[in-house]
Amino acid sequence: MRPVLVSACLLGIHCRYDGGERLDDELGERLKREGCGAVPVCPEQLGGLPTPRPPSEITRGDGTAVLAGEAKVLAADGSDVTEQYLRGARQALCLAQRLGCRRAYLKEKSPACGVEWIRRGERTCRGRGVAAALLESAGIEVFGVQPPAGGVEPARAGGVVPPAGGGD
Ligand code: SF4
C-alpha cells in the first residue's frame, strides 16, 4: 500500500481549531481504490498547539513567505504562533520522508494545510499554507482538498478548487 499524507481533519479526526473535523468520505474512498494508505497529520497539533485553539492567519503573503522569515502567523488572540506552524510543518515533512510518502492531500483554506487557498480575515486568498509550502519545496506532490464537495486538484495542474466558505 502506497503511503500518502492526509490532513487529519479530512479523515474525521477532531483536530480543527474549533474542535471539529471535516471528514471527506469521497477522498477516503478514492484513496482506498487507488491503493493508498492514509497517514493522518495535523501540522497545527504537531507544532504543539492545543485543540481547541484560536484560529490563526498568515500576516502577509503565504506559507512560502513564512518559511522565508518574511511573514508571521498570528492567532486571533494576538499571540505569535509562527514557531508552532514552522515546527508542525517540519514534523509533517519528517513523517512523510520517514514513511516514503510522495504525495499529500491537504485541506484548503488552512494557514497550515492550504494548497491553493488560505483565509485572511473574511477573505479567501490564493496561497499556500506553511506545511503545504514546506512539503512542496521538499518534492512532495501536494493536492488541495475542499470538503464537502471533495474536489481534489493537483496543485499545478491549472484547475483549482473554488473557495466555498468556511475556514481551516
Ligand atoms: S487543516 Fe490541517 S492544520 Fe487545520 S485542522 Fe486540518 S489537519 Fe490540522
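This note sets out some points on the fold, the core and the ligand shell of a predicted model.

1. Overall make-up. The chain holds five helices and nine strands, and, when it is followed along the sequence, these are arranged in the pattern β-α-β-α-β-α-β-α-β-β-β-α-β-β. Of its 168 residues, 46% count as buried. Among the contacts with a separation of 6 or more, 63% are made by residues 24 or more positions apart in the chain.

2. The nonpolar core. The largest nonpolar core is made up of 44 residues, and within this core A104, V130 and L135 have the most contacts. Two or more residues of this core come from each of the strands β1 (2–7), β2 (36–41), β5 (103–107), β6 (117–120) and β8 (141–146), and likewise from each of the helices α1 (25–33), α4 (82–99) and α5 (130–137).

3. Surroundings of A104. If neighbours within four places in sequence are left aside, A104 is in contact with V4, L5, A96, L135, I140, V142 and F143. L135, one of these partners, is itself named with A104 among the residues with the most contacts inside the core.

4. Helix α5. Because six of its eight residues are buried, α5 is largely enclosed by the rest of the structure; the buried ones are V130, A131, A132, A133, L134 and L135. These buried residues pack against the helices α2 (43–46), α3 (63–67) and α4, and also against the strands β4 (73–75), β5 and β8. Just after the helix, G139 adopts a positive phi of about 95°, a detail that a colleague looking at the backbone after α5 may wish to find in the model.

5. Strands β5 and β8. These two strands run parallel and are joined by five bridges, and within this pairing Y105 has F143 of β8 as its bridge partner.

6. The ligand shell. Which residues are closest to the ligand? Of the 13 residues that surround the ligand, the closest are S7, C9, C42, S110 and C113. Sorted by class, the shell contains seven nonpolar, two polar and four charged residues.

Key. Residues are numbered from 1 along each chain as its sequence is written. This is a predicted model: local features need pLDDT of at least 70, side-chain atom pairs count only at pLDDT 80 or more; totals for chains, interfaces and linings use all residues. A nonpolar core is a set of buried Ala, Val, Leu, Ile, Met, Phe, Trp, Tyr and Cys residues joined through C-beta atoms within 7 Å. A residue is buried if 20 or more other C-beta atoms lie within 10 Å of its own, exposed if 12 or fewer, and partly exposed in between; C-beta atoms are placed from the backbone. Helices (H or I, at least four residues) and strands (E, at least two) are DSSP runs, numbered from the N terminus. Two residues are in contact if their C-beta atoms, placed from the backbone, lie within 7 Å. A residue is near a molecule or strand if its C-beta atom, placed from the backbone, lies within 6 Å of it. Ala, Val, Leu, Ile, Met, Phe, Trp, Tyr, Cys and Pro count as nonpolar, Asp, Glu, Lys and Arg as charged, and the others, Gly among them, as polar. Two strands pair if DSSP finds at least two bridges between them.
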